Amino acid sequence: MIQSKQVKRTNAIIYVVLTIVAMVVLYPLFFILINSFKGKFFISRDPFSIPSGETFVGVDNYINGLTKTGLLSAIGWSFFITIVSVALLILFTGMTAYYLARIKNKWTNGLYYMFVFSMIVPFQMVMFTMSSLADTFHLKNPIGMCILYLGFGAGLSVFMFAGFVKSVPIEIEEAAMIDGCNPLQTFFKVVFPIMKPTAITVAILNAMWIWNDFLLPYLVIGISTRYKTIPVVVQMLVGSNGNKDLGALMAMLVLSIIPIIIFYLTCQKYIIEGVVAGAVKG
Amino acid sequence: MKRKMLSTLLCATIVSSMLVGCGSSKEPVETPQTQGETNTTETENKENAEDETAKAEGSVYYMNFKPEVEEQWQEIAAAYTEATGVPVKVVTAASGTYEEVLKSEIAGSNAPTLFQINGPIGYNAWKDYCYDLSGTEIYEALTDKSLAITGADGGVYGIPYTVESYGIIYNDAIMQKYFEMDGAVVESVDEINNFDTFKAVVEDMQSKKEELGIEGVFASTSLLPGEDWRWHTHLANIPVYYEYSDKYATDLAQLDFSYSENFKNIFDLYINNSTCAPTLLGSKAVSDSMAEFALGQAAMVQNGNWGWSQIAGVDGNVVEEENVKFMPIYTGIEGEEEQGLCTGTENFWCVNAQASEADRQATIDFMNWLISSAEGKDMMVNKLGNAAPFSTFNEEEKPADPLAKEMFRFMENGKISVNWNFTTFPSQDFKDDFGAALLEYSNGNMTWDEVEEIVVTRWAEEKEATTGNETENETQAEETVNNEAETVAE
Amino acid sequence: MEKTLKKYFLIFTLPTLIAFSFAFIIPFIQGIYLSFCEFTTVKNAEFVGLANYKLAFSEGQGFLYSLGFTTLFTLISVVSINLLAFTLALFLTRKMKGTNVYRTIFFMPNLIGGIVLGYTWQQMINAILYQFETTLVADAKYGFWGLIILMNWQMIGYMMIIYIAGLQNVPTELIEAAKIDGATSWQTLLKVKLPMVMSSVTICVFLTLSNSFKLFDQNKALTNGAPMNKTRMLALNIYDTFYGKTGYEGVGQAKAVIFFLIVAVIALGQLSLTRRREVEH
């Protein structure tokens, strides 16, 4: 009895601590949310109050920000680039990893290690040469971006898929081959379906990275086209200093966070599992 | 293991060289398409119609230098496309990042066709991209040909499109209120013609700020990185101008910063008699200080005639148009009673020499339209507020905003204008470092001696880095350019 | 089976290989070569030997300062993130009700991108400092601690999830046995739980280590190096060298190679540690 009372008390303390931490975690989001409804001159003067009376400007900041930045089109392009890149990554690196795991010779081995090697190379190492290459080959557009993401994300994805394929017994595939499937059919009918859990992990990890990536789209697509992604637009809004508008900035920050939170709350289970699996294998 | 890596590398190179072939064979199909796509930022609905004209007549891509008139430029682009069918794309770089953005854009396949340099230093950096504009209509129309940037070969590479002035903008209503108070140091603005008087007035006003209904005499001295150009460039021009005059120079490889004390005089006055504490200045942007002025919270702000659009654009601004006036920046230099505003230009249009001929021609046509057609001139004067130095503009076609009027008044009242010598400041890096030092100084992390030290050493270092080793002391700016061009030719 | 599959080499690997060459192989090789060249675009490179590397370490470049700043930042954030994340993971594995809600909340910041997050915190921190009449760029220590807080805020949830997974794998029998033997909860933690989750610890330490060391977006958004580049980390230093001023691209590339080598050493360290542990088990 005594012990359970003690446990109860500890638990109560832990709840308090957890609640405080949760509030600290959520506060910045709450902070930009309330300020996004304040007039732009009141934000720096009176940042912590709830908007009311003269400080409350309704959705003015949102309208202002949207007309100024084209954030809506950026959300569209972010979705497009993320979805297409992730689809390409799963399809093509899945195939590549399968091939590399099943055919064992010095070539495939070497290639596999190249992919693994690319995982540890920081982006700064290739950013200048990659963006000039992208220009030469007319990759400065959303499709080009997806190709670059396929290439740059290939390391981790091949690594994870190959790790999985190695653990799958080869007998099932051989049976399929004997039934008259060619390797492509075997891959799509037999191997691909059992790769699903790994594919989800790969998809989640890559989607999180691509959606939030800033430097690659900033350097490759740049600020002069209409294919800007969300991080690029946010950076430009802040950088475009002649007309710095804190209200619009707050509103745009809120709008760019909303899609992520919706995505997170709906796919929470997969995201958390994916992250754990990715971390353990990566 | 090593050998395997090597062979894979080889394999990859082979694959990539195969790709080169693929890429180039695709090119003719792809190019018009991508061009069509990027050119139509503003007028997407007419994409197809424009594709045709784009191929035949070329297109214009303007890299705008001034964030404060970004929206106006977008309107102009749309209007021109409306009138002529030629696509115009305008991209604006954030303040302080023009060189950086231009550098990455101009190397790309869709490079700007029209861009801006800020004077001889800019020409030096971008001369490979500057197209010779001699003989063009716009050059012929330039009223003072000596304003243009010329190269060693006599070609015309940069054409100024506006003349501007800056000084201290004041709200006359607040000043009048002060003059009517008991014990005012002076009775009219005309009596303020040197630093000592100015300082006495400012400090007296600051002590009576409650009665005057203001939060401080000066709007906040924006020192947010990237927002500090009013100090490291415009204000710094004054000591440099006087040092150049003392030495009969138009450029110096080494700056003594002999009027450093004078810079400190006015800078201290700004930060200590402001709407906020000096330690808060690092969070302030130019738009903050313009808003403070427009809302009547401050009586003065240092800025140029381009600032009018920002003052007028603030919601709920209380300052009356007829009360917005200019006075010169006094720093305590001998003879400054006769000093006027700082007047000049750092805005030179250049046409990208490496653009296709069709695009170049389209760009030149666009410039001509801006200075000769009724619509274009209206845009130049009334939208952009440019005091355009071209013979195609008559007496009436001048910007009529209060600050432009003040600028013309100062040009005619016999005061001596201070030239814009900051176009010879060595580099953006120099300016950024100077600005950062001013921020450290106002936060109390740096002494004035240290700031001075940074200015002197960074100036010398950056001058050496940008103009090469051959610069002798006190060569003229143009000569430096010539030397440079000659060494390149050799 | 192998024979038929072998013929399908191009079909299975070509798309990935093409993209991989564009995004990685060619730029990487070019990058190494260009670090020995002076150039402004890839086409006008001129071989200059080790000059770029010498320049990279010269005083005006601030590379060593950035290295020091980055290292200090990395050390502090690795320790603080892992301590806090592990503590939270312990709390959340006590089989209490409603822990899922907390887990959901704690993990959320990790999904927000560095740029968006950096500006969010910039506004927050400035608003707080404003009450004390100062700003984020007034002193390098504000920027430094700002980055630490931001990094903790973003990464704790992530690491916590990994620790939770590790802790859940500790067999309950072991803990029960320890209790029966009269171990205090503190002793159970140190002697039973901790050794069982050492592999999670390794993973988390290296994840935080390499993420902190390579930090760019957050740094760019929060302070962009201000004041006077005193809060500029390595990645931002390299970026500035490339894009800040014409003529220093080679130096930037040389710095990038050095950066890559440091990161590679960290990664190799992780690899050998993991290998050794695998052998032990």
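**A strand and its partners**

Reply: Strand S7 (residues 216-218) of chain B and strand S8 of chain B pair in the parallel sense over two bridges, where strands pair if DSSP finds at least two bridges between them, and where helices (H or I, at least four residues) and strands (E, at least two) are DSSP runs numbered from the N terminus. This is a predicted model, in which local features need pLDDT of at least 70 and side-chain atom pairs count only at pLDDT 80 or more, while totals for chains, interfaces and linings use all residues. Residues are numbered from 1 along each chain as its sequence is written, and chains are lettered from A and ligands numbered from 1 in the order in which they are written.

Within this pairing, B:Gly216 has B:Ala298 of S8(B) as its bridge partner. Strand S6 (residues 164-171) of chain B is joined to S8(B) by five bridges, and these two strands run antiparallel; here the partner of B:Gly167 in S8(B) is B:Asn303. Because six of the seven residues of S8(B) (residues 298-304) are buried, the strand is largely enclosed by the rest of the structure. A residue is called buried if 20 or more other C-beta atoms, placed from the backbone, lie within 10 Å of its own, exposed if 12 or fewer do, and partly exposed in between.

Turning to helices, two packed helices are described by the angle between their axes and the distance between the axes. In chain A, the axes of helix H8 (residues 171-178) and helix H9 (residues 183-194) come within 10 Å and cross at roughly 140 degrees, which makes H8(A) oblique to H9(A). The axes are lines fitted to C-alpha atoms, for helices over the stretch in contact, and angles run from 0 to 180 degrees between N-to-C directions; angles under 35 degrees count as roughly parallel, over 145 as roughly antiparallel, 65 to 115 as roughly perpendicular and the rest as oblique. On the H8(A) side, A:Ile172, A:Glu173, A:Ala176 and A:Met177 meet A:Thr186, A:Lys189, A:Val190 and A:Val191 of H9(A), contact requiring C-beta atoms, placed from the backbone, to lie within 7 Å. The residues of this contact divide into five nonpolar, one polar and two charged, with Ala, Val, Leu, Ile, Met, Phe, Trp, Tyr, Cys and Pro counted as nonpolar, Asp, Glu, Lys and Arg as charged, and the others, Gly among them, as polar.

Between chains, 73 residues of chain C are in contact with 67 residues of chain A. Helix H2 (residues 9-34) of chain C gives the most to the chain C side, with 17 residues, and that side as a whole comprises 54 nonpolar, 13 polar and six charged residues. Helix H6 (residues 123-136) of chain A packs on H2(C) at an angle of about 115 degrees, with the axes 8 Å apart, so H6(A) is roughly perpendicular to H2(C). Among the residues making this contact are A:Met125, A:Met130 and A:Leu133 of H6(A), together with C:Phe22, C:Phe28 and C:Leu34 of H2(C); the contact holds eleven nonpolar, three polar and no charged residues.

Chain C itself has 13 helices and two strands, and 51% of its 281 residues count as buried. One of its residues, C:Lys230, lies in the loop between helix H11 (217-222) and helix H12 (234-244) of chain C, and C:Lys230 counts as buried because it has 21 C-beta neighbours inside 10 Å. The C-alpha atoms of C:Lys230 and C:Ala140 are separated by 5.8 Å, although these residues are 90 residues apart along the chain.

Conventions:
Contact = placed C-beta atoms within 7 Å.
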